[in-house]
Amino acid sequence: MTQESFVIVMVTSKNPQNELFLDYLRSEQDCQVMDLEPDAQEAAPDADRMLVLLDQDYVDDNIAQAWSRRAHGDTRIILSGFNIDSEEHAMQLMMRFPLQGIFYRRDPLKLISKGINALFNEEMWLSRTLMEKLLTAYWQRQRNDNMPFKSLTRREVEILQLLKTGASNFDIAQELSISEHTVKSHLYHIFRKLKVKNRAQALNLLRQQADTPV
């Protein structure tokens with residue numbers, strides 16, 4: 001059985017401090033380790049798995065986007081953020097780029113080496129707090145995408161709020177200083193958008209979405 005080949009590519013600016021870090025990785029990891037200037041066009045070495053550390057001190061959005069596109073077309077590439085200042089910064093990057101790992105500026109070398117091993121083992125390397133924030137953001141986005149009331153206009157929301165109080169068409173017309181015919185027209189559009197047939201079904205949907213702001 002052929003052993004998989006691995007390579008670590010750090011996209012960064014060449015300097016003595018980074019060279020020391022790369023030398024450390026070479027001593028800890030049984031694979032090729034190299035650096036690559038952010039604007040370099042040279043091809044990375046061929047390998048079964050390639051971990052790319054995007055140094056946030058030198059990698060801008062355009063470079064990150066370019067690597068994201070490359071990773072999208074090549075499943076061998078593992079993208080990770082490196083030298084991240086905070087979890088807020090990490091959160092922003094994770095929401096914009098397909099990163100599988102996050103390494104903070106404060107991380108000790110041993111922890112970074114452990115994270116690299118996890119990534120090569122097809123695991124993600126994220127702090128528990130960051131993972132919780134990402135899951136919360138994901139579910140909130142899903143919730144908003146599925147929210148049945150988001151397509152309503154401001155006037156339709158006002159009418160729906162009055163429906164919740166049990167107001168009749170006449171009461172709604174008086175409250176909003178519009179005609180009953182206009183109220184009926186608005187209700188028709190509300191029911192169509194909510195995919196219900198009458199006010200009873202609309203109110204039932206409201207009860208099901210009791211925690212949803214309308």
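Where is glutamate 122 found? In this predicted model, glutamate 122 sits in the loop between α4 (109-120) and α5 (128-146), with helices (H or I, at least four residues) and strands (E, at least two) taken as DSSP runs numbered from the N terminus. Its phi is near 65°, a positive value in a residue other than glycine. Glutamate 122 is exposed, at a relative accessible area of 63%; buried means under 20%, exposed over 50% and partly exposed in between (1.4 Å probe, protein chains only). Serine 177, also not a glycine, has a positive phi of about 55°. This serine 177 is placed in the loop between α7 (169-176) and α8 (180-194) and is exposed, with a relative accessible area of 67%.

Residues are numbered from 1 along each chain as its sequence is written. Local features need pLDDT of at least 70 and side-chain atom pairs pLDDT 80 or more, totals for chains, interfaces and linings use all residues, and side-chain values use heavy atoms, without hydrogens and water.

The structure holds 11 salt bridges, each defined as a side-chain nitrogen of Lys or Arg within 4 Å of a carboxyl oxygen of Asp or Glu. One of them joins lysine 14 and aspartate 35 (2.8 Å, N to O). Lysine 14 lies in the loop between β1 (6-11) and α1 (16-28) and aspartate 35 in strand β2 (residues 32-36), so the pair ties together parts 21 residues apart in sequence. Aspartate 35 is buried, at 10% relative accessible area.

Lysine 133 and glutamate 87 form a salt bridge (3.9 Å, N to O). This pair links helix α5 with helix α3 (residues 87-96), 46 residues apart.
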